[in-house]
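Here are some exercises to work through with a model open on your screen. Try each one yourself before you peek at the solution.

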Amino acid sequence: MTSTDPIRDSVASSSTDTRAAAPHAGTPGPATSPRRFYPQLEGMRALAAIGVLTTHVAFQTRAVEIPVLGPVLGRLDLAVALFFGLSGFLLWRPWVDAAHRGAGHPSIPRYLRHRVVRIWPAYVVAVVLVLLLLPEAQGADFDVWLANLTLTQVFVPLTLTAGLTQMWSLSVEIAFYALLPVFGLALLRLRGRRVGARIPVLLAIGVLSLGWAWVGASLPVAEGVETKNWVFGHLVWFVAGLILAEVAGVLDTAGASRGRWMNLAIRLSANRWLMLGLLVVAYGLACTRFAGPTGLGDVSNIEFVTKMVLGALCGYALLAPLVCNPGPFRFLNSRVMLALGRWSYGIFIWHVAVLAIVFPLFGIVPFNGNTVLVWVITLGLSVGIAAASYAFIEEPARNWLRNRDIRRRSNPVAP
């Protein structure tokens with residue numbers, strides 16, 4: 001299986017800002033602190049990208065068949081849940097801040113512009129080069145080109161192609177980007193004194209999304225389209241991040257009212273050992289047949305739902321202590337991990353193509369062992385290409401958009 005949104009959403013909140021809108025007269029909102037920068041999340045993003053790479057290497061070297069260790073390596077596909085949780089947390093924080101202020105909401109056009117510029121430039125380069133140069137992907141028809149360039153692979157049958165198979169999760173991510181403002185607008189009334197009702201509503205959305213496995217199976221879709229891979233099937237992984245954003249909003253807002261349950265949620269989320277225990281139990285269960293096969297194979301609806309729930313728990317358990325605990329996080333905040341976090345999107349979009357050329361380039365037979373050697377080579381090459389992608393494509397594109405926004409703010413259109 002695969003990867004996902006290593007979509008590195010700028011933790012520094014370059015992705016969205018909040019429209020200036022004063023609270024209603026006579027009802028001043030609570031004072032809010034600027035959203036915190038969480039460098040440790042960059043380090044965690046790097047680990048998630050490496051986890052995705054590792055599970056693909058394990059599958060293509062048959063390490064997933066090793067007793068005990070194999071399922072552990074195979075279930076590293078839950079790094080997708082971590083990526084989705086990260087996106088949910090980072091992109092929902094502006095909406096949470098606006099809710100605590102009692103008025104206004106993030107600029108949706110600006111949010112969408114930043115999402116497009118963050119994702120497509122490097123992605124388009126990867127798709128074009130893979131479809132043109134990777135032998136296994138050459139000769140792709142128009143449908144494959146169009147579906148991959150528009151990130152609609154999960155809706156068009158037989159369009160996941162060699163070197164790009166991991167992009168199904170990026171397609172899910174893009175769908176979530178479109179869905180997030182809908183959630184934000186739907187919850188606009190839950191602000192100020194009603195802000196405490198937001199978490200129960202989000203929990204209800206996550207629980208309802210678990211029924212998608214049965215709903216999707218009843219849809220009249222083309223053969224080869226897996227409806228479980230639509231955003232509704234994985235929504236609970238994003239919801240884990242949305243809920244954590246709500247908890248962080250209360251934690252970081254001066255004067256925010258905290259009920260007994262919220263205080264308990266903050267204490268539990270900040271407890272590293274408790275979250276570690278939750279992670280071990282949830283991940284251990286995910287490595288069993290309860291969550292379906294760890295490689296290729298048919299997944300029943302119950303197994304799929306189990307995997308979704310366990311993945312959401314794993315994602316929350318990994319992220320919550322990094323957000324609710326003051327640290328320190330020396331390893332995740334190290335220069336190496338922060339650099340790998342910046343490059344994590346590139347690692348994600350390139351590593352499957354890199355893995356495809358490692359075998360013939362180094363004379364290694366696929367599905368025949370050599371896991372450690374293949375992992376080292378694939379990681380090294382992927383990191384190098386990702387660093388170049390960040391320096392020459394991703395960062396220039398983001399700088400262009402940032403400068404454009406600065407020029408628009410400094411030259412407002414006269415009313």
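The exercises below go through a predicted model, each with a worked solution.

**Exercise 1. Work out how helix α10 is oriented: which of its residues are buried, and what covers them?**

Step 1: Pick out the inward residues. α10 spans residues 260-270, and M262, I266, S269 and A270 are buried there.

Step 2: Look down the axis. The buried residues of α10 fall within an arc of 95 degrees, so they line one face of the helix.

Step 3: Recall some helix geometry. An α-helix has 3.6 residues a turn, so residues three or four places apart point the same way.

Step 4: Find the cover. The elements over the buried residues of α10 include α7 (198-209), α9 (235-252), α11 (272-286) and α12 (301-324).

**Exercise 2. Take two helix pairs, α11 with α12 and α14 with α15, and describe how each one packs.**

Step 1: Know what to look for. Two packed helices are described by the angle between their axes and the distance between the axes.

Step 2: Start with α11 and α12. Their axes lie 8 Å apart, at an angle of about 155 degrees. Angles over 145 degrees count as roughly antiparallel, and α11 and α12 are therefore roughly antiparallel to each other. Their crossing is left-handed.

Step 3: List who meets whom. On the α11 side the residues include M275, L278, L279 and Y283, and on the α12 side they include L310, L313, C314 and Y316.

Step 4: Now do α14 (residues 344-361) and α15 (residues 371-410). The axes come within 8 Å and cross at roughly 135 degrees, and α14 and α15 are therefore oblique to each other. This crossing is right-handed.

Step 5: List the contacts again. Among the α14 residues are W350, H351, V354 and F359, which meet a set in α15 that includes I377, L381, I385 and E394.

**Exercise 3. Is R198 buried or exposed, and what surrounds it?**

Step 1: Check accessibility. R198 has 2% relative accessibility, so it counts as buried.

Step 2: Gather the contacts, skipping neighbours within four places in sequence. R198 touches W92, W95, V96, A99, L187, L190 and E246.

Step 3: R198 and L188 are ten residues apart in sequence, and their C-alpha atoms are 9.7 Å apart.

**Exercise 4. Which residues touch the most other members of the largest nonpolar core, and what does F89 contact?**

Step 1: Take the core, with its 117 residues. L41, F89, W92 and W237 touch the most other members.

Step 2: Zoom in on F89. Beyond its neighbours within four places in sequence, F89 is in contact with Y38, L41, G241, L242, L244, A245, A248 and V323.

**Exercise 5. Go over the backbone at R62, L151 and P328: what do you find at each?**

Step 1: Begin with R62, in the loop between α1 (39-60) and α2 (69-74). Its phi is near 65 degrees, a positive value in a residue other than glycine. R62 is partly exposed, with a relative accessible area of 42%.

Step 2: Move to L151, in the loop between α5 (142-149) and α6 (168-186). Phi of L151 is positive too, near 55 degrees. L151 is buried, at 2% relative accessible area.

Step 3: Finish with P328, in the loop between α12 and α13 (335-342). The peptide bond joining G327 and P328 is cis, with omega about 10 degrees.

Conventions. Residues numbered from 1 in each chain as written. Predicted model: local features only at pLDDT ≥ 70, side-chain atom pairs only at ≥ 80, totals over all residues. Heavy atoms only, no water. Core = buried A, V, L, I, M, F, W, Y, C linked by side-chain atoms within 4.5 Å. Buried < 20%, exposed > 50% of the residue type's maximum accessible area, 1.4 Å probe, protein only. Contact = heavy atoms within 4.5 Å. Helix = DSSP H or I, 4+ residues; strand = E, 2+ residues; numbered from the N terminus. Arc of directions from axis to C-beta. Axes fitted to C-alpha atoms, helices over the stretch in contact; angles between N-to-C directions. Parallel < 35°, antiparallel > 145°, perpendicular 65-115°, else oblique. Left-handed = near helix turned anticlockwise from the far one by under 90°.
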